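Please examine the sequence and structure shown here before reading on.

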Amino acid sequence: MKEKILVTGGTGYIGSHTVVELQNAGYEVIIIDNLSNSSADVVDNIEQVSGIRPAFEKLDCLDQEGLAAVFAKYGDIKAVIHFAASKAVGESVEKPLLYYRNNLVSLINILELMPRYNVKGIVFSSSCTVYGQPDQLPVTEEAPIKKAESPYGNTKQINEEIIRDTVASGSPISAILLRYFNPIGAHPTALLGELPNGVPQNLVPYITQTAIGIREKLSVFGDDYDTPDGSCIRDFINVVDLAKAHVVAIKRVLEDKQKEKVEVFNIGTGRGLSVLELIHAFEQSTGVKLNYQIVGRRSGDIEKVWANPELANKELGWKAETSIEDTLRSAWNWQLKLRERGIQ
Ligand code: WQD
């Protein structure tokens, strides 16, 4: 009998890739998603990629009764991976209350229900955003949590505290917090990828939309930072490598391998790359010339951040493996496939 895993936000970018890797690892997946930032077609695409159609419940995690009904319907859900959240940094500054309600109450609902349905543990989608601008690089899990630069980043920090306090209060659940760096790329089949609503906020989808002609040119937000080429530095991690980290974390929870009831891991490559280096890597990997222009800084941007992933490498036995060139090619192939399918 396959162990059942509930994946909230499972039709989203990282969620959908994680569902496929869970299925490949032999788990049965139930997806909850309100489709506010994704489409139900993703369920079909997941089935095309893995050959297994996951159960799908269109539901908002703010609806606690609806959530309880899903736990009851599927009976023995063993663990939860919680992706469902609003995640646009800029939008969170304009609509803080929407972000606090959605990102905090959704998690609270999940945490309250888990013990009632004997769910063992939760793997939580956190972010390197919690570090702000680290004092030391590469950044380790011991680095101090700094004042968040945005309500979005603050919700990630508060969510981590909510989980810690819940476990400390005697809740029987355990938790693994995965702090992602910058997820990029798409599935090698080009059937899953990042499909932002409207104008992309993140760098790589903006690059591929510029390369295919949807956007006229890419604005590079600043080249006057204290970095070798003046542009910001990030730790860009392949989305399939990131998805695989969730499978390892779930296994660790279910097999009681955790050393503490709440564990935190940086999920990054350990390598910093600047925005300009990424642009040149894209041009080299795809042979497509990119039209870009240096403009002023974007407020709230961190200057430079990349992971020290040694704890995840050692404790989880997980390591990012995909090259930046293959990752950028996968992003470009995804964009071409979207065009072929008449989606973008
Ligand atoms: C990366 C770099 C920009 C767009 C955020 C969240 C993080 C995660 C990923 C959700 C920055 C530059 C970008 C553009 C540019 N979100 N850039 N032109 O801000 O590092 O991280 O998204 O999980 O939690 O904080 O990602 O891709 O927006 O920006 O020059 O059109 O690219 O200035 O230096 P970011 P990003």
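## Terms and basis

A polar contact is a pair of N or O atoms within 3.5 Å; within protein, one must be able to donate a hydrogen and the other to accept it, and residues adjacent in sequence count only if both atoms are side-chain atoms. The model is predicted: local features need pLDDT of at least 70, side-chain atom pairs count only at pLDDT 80 or more, and totals for chains, interfaces and linings use all residues. Residues are numbered from 1 along each chain as its sequence is written, and side-chain values use heavy atoms, with hydrogens and water left out.

## Two domains and their interface

An automatic or database domain assignment divides the chain into domain 1 (4-184 + 235-267) and domain 2 (203-234 + 270-340). Their centres, taken over C-alpha atoms, are separated by 24 Å.

Across this interface, 13 residue pairs are in polar contact, both residues being at pLDDT 80 or more. The rule also finds two salt bridges there, a salt bridge being a side-chain nitrogen of Lys or Arg within 4 Å of a carboxyl oxygen of Asp or Glu.

## The loop residue Ser171

Ser171 lies in the loop between α6 (151-168) and β6 (174-180); helices (H or I, at least four residues) and strands (E, at least two) are DSSP runs, numbered from the N terminus. With 9% relative accessibility, Ser171 counts as buried, a term for under 20% relative accessible area (1.4 Å probe, protein chains only). Neighbours within four places in sequence aside, Ser171 is in contact with Pro115, Thr166 and Lys261, contact meaning heavy atoms within 4.5 Å.

Terms used
Buried means under 20% relative accessible area, exposed over 50%, partly exposed in between (1.4 Å probe, protein chains only).
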